[in-house]
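Q: I am new to this structure. Could you show me how to read a few of its features?

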2 protein chains.
Amino acid sequence: MNLNHFKELIDFELEEFNKSLAGKRPESLYAPICYTLDLGGKRMRPLLTLIACDLFDGALSEAVKPAMGIEIFHNFTLLHDDIMDKAPLRRNQPTVHKKWNADIAILSGDTMFVQSFQYVMQAPAGVLKEVLDVFTKAAIEVCEGQQMDMDFETAPNVSIPHYIKMIGLKTSVLLAACMKIGAIIGGARPEDANHLYEFGKNLGIAFQLHDDILDVFGNSHKVGKQTGGDIVSNKKTYLLLKAMDMADRYKKEELMMWLHASESNAAEKVEAVKAIYEYLGVKALAETEMMKFYDKSLLHLNQIPCNPDKKQQLINFAANLMQRES
Amino acid sequence: MNLNHFKELIDFELEEFNKSLAGKRPESLYAPICYTLDLGGKRMRPLLTLIACDLFDGALSEAVKPAMGIEIFHNFTLLHDDIMDKAPLRRNQPTVHKKWNADIAILSGDTMFVQSFQYVMQAPAGVLKEVLDVFTKAAIEVCEGQQMDMDFETAPNVSIPHYIKMIGLKTSVLLAACMKIGAIIGGARPEDANHLYEFGKNLGIAFQLHDDILDVFGNSHKVGKQTGGDIVSNKKTYLLLKAMDMADRYKKEELMMWLHASESNAAEKVEAVKAIYEYLGVKALAETEMMKFYDKSLLHLNQIPCNPDKKQQLINFAANLMQRES
């Protein structure tokens, strides 16, 4: 399992894709697609697809196009989410709906969506239907998760199990689908493909909880953006929901006061809410929750009989995700 | 070829689909999907898919799910187009982005897009890849057509060949894909499936030109909406582009004056532009163009060796489309 080689395969596909779009018309449709994919990213999803395929000694050449399809799909969801979230920046660059407009962002997103299917469809014929079933199920669930996330903005009460369900759909099922698709193409037995799905799903939830923690407690220099964005926007993350659960009447009132404070005191608000989080110890509780899902993911991975060296490398990959600072 | 039976099959699928969504959560995601499909429509695309399959004595049960997938896809495009066109009404009912909001319209549209794939994916395994290739190619082209249409709004010069290319992509390729997919599932030889594709493509262009004519010269009672909408919105249809081509300097100035007139004189503007169209004879020219594509479609249909009764019924179906008043 040579991760650098896997990355090269993905970068090659990305380059080929971008080349195939160069000069394509209508330009107003295709330029935003190239722009979006050029913004970069960790390419974690296609990487996990190749890792899963390799875990069962499958042929990477059969997995690389579907892996690429999932990366295009992921970028499509970011593009449409940015319209809905009115996000001005993505990876420090203007979002498509800001650089062009919302109509172009909708339509170039739709086009990327079709392109993602065209790549996933290149899975070997013998497993095509199975791969497409996993992919489309995940795609629907990602939409459900995004809708839940939007509904939460105005919902008076969001429970923690509900929040976990939302991040499970919005973030984790796609990671789970990556792993399962890689496993299927790699020739895994159905039970092993399912264990890898559960590994990806639980790891994804742990990953998102880690993200919530980093947004508040991360080193802004390492995270690459100002920390506290979730606090400023009153985002109902695990930390906020847990704090509301834990707080006594007085702390709850203090927290509510900050939630309703005007945005002009952003830095002050971040510091104040962070202090409440620290007082209530919600960081440690979030880390415990994160480790619970992380451990669960490893339990599933351990059920799979495969090359122990490759398995260890995947464990290392997962551990790195949990220890990352950005 | 029993068209009523075909319609029943499609209506049954639509009902089953709607039932499967009832009560599904998040409700804010699924309610707009049921609403959109409940708005009705001619269901022309799935009907053409079944007709094409039957033309080669194929099993309708194998074509009905892909046919349904194309209908869902078509409705998805209407949903997203309505956001981009800021349309308040669709079939006399509020559009999804008006009844709910634009974010919900984007996301429930995305979900319908995945659902359309899930239906098309139910094509028989032996032709699955081929069917998906035709479907995804058409889906991309529909996006290209919509982008061209949006680009035309601000383009200073749009040529008639360019306009024909746009409606070919935006409207016709999906009709063409319906027919080709039906033919493939029905077991047609590749050359016959391609002839049916060309039949659908040319018929679709004729159909859209007919729509352009109806919008201006139709009986508003029969069309079911106020005629002249294209004139009011300065839409660059075949009629307007041809009028610009045909007009002498003075008529062109008159036309330009109306194009820049304020919307408060909508009825007056419609009458005036219609009078210019009549003076220049562009209605007859549009009809000639329409018949050119209609005749071309029939040439392709005639190349296909199949049951003459069924072929005649398809010819009748196409002739009805050309003579429709709404």
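Q: What should I know before reading the model?
A: This is a predicted model, in which local features need pLDDT of at least 70, side-chain atom pairs count only at pLDDT 80 or more, and totals for chains, interfaces and linings use all residues. Residues are numbered from 1 along each chain as its sequence is written, chains are lettered from A and ligands numbered from 1 in the order in which they are written, and side-chain values use heavy atoms, with hydrogens and water left out.

Q: At what angle do H6(A) and H7(A) pack?
A: Helices (H or I, at least four residues) and strands (E, at least two) are DSSP runs, numbered from the N terminus. Axes are lines fitted to C-alpha atoms, for helices over the stretch in contact, and angles run from 0 to 180 degrees between N-to-C directions. Here H6 (residues 102-120) and H7 (residues 128-154) of chain A pack at about 150°, with axes 10 Å apart. The two helices are therefore roughly antiparallel (angles over 145 degrees).

Q: Which residues of H6(A) and H7(A) meet?
A: Contact means heavy atoms within 4.5 Å. Ser116(A), Phe117(A) and Val120(A) in H6(A) meet residues of H7(A), including Leu132(A) and Phe135(A).

Q: How many residues has the largest nonpolar core?
A: A nonpolar core is a set of buried Ala, Val, Leu, Ile, Met, Phe, Trp, Tyr and Cys residues joined through side-chain atoms within 4.5 Å. Buried means under 20% relative accessible area, exposed over 50%, and partly exposed in between (1.4 Å probe, protein chains only). The largest core has 244 residues, and Leu196(A) is one of those with the most contacts inside it. Among the residues that Leu196(A) touches are Ala52(A), Met179(A) and Leu314(A).

Q: Is Ala176(B) buried or exposed?
A: Ala176(B), in helix H8 (residues 160-185) of chain B, is buried, with a relative accessible area of 0%. Beyond residues up to four places away in sequence, Ala176(B) touches Tyr197(B), Gly200(B) and Lys201(B).

Q: What is the phi of Lys86(B)?
A: Lys86(B) has a positive phi near 50°. This residue lies in the loop between helix H4 (60-84) and strand E1 (89-90) of chain B, and Lys86(B) is exposed at 59% relative accessible area.

Conventions: Parallel < 35°, antiparallel > 145°, perpendicular 65-115°, else oblique.
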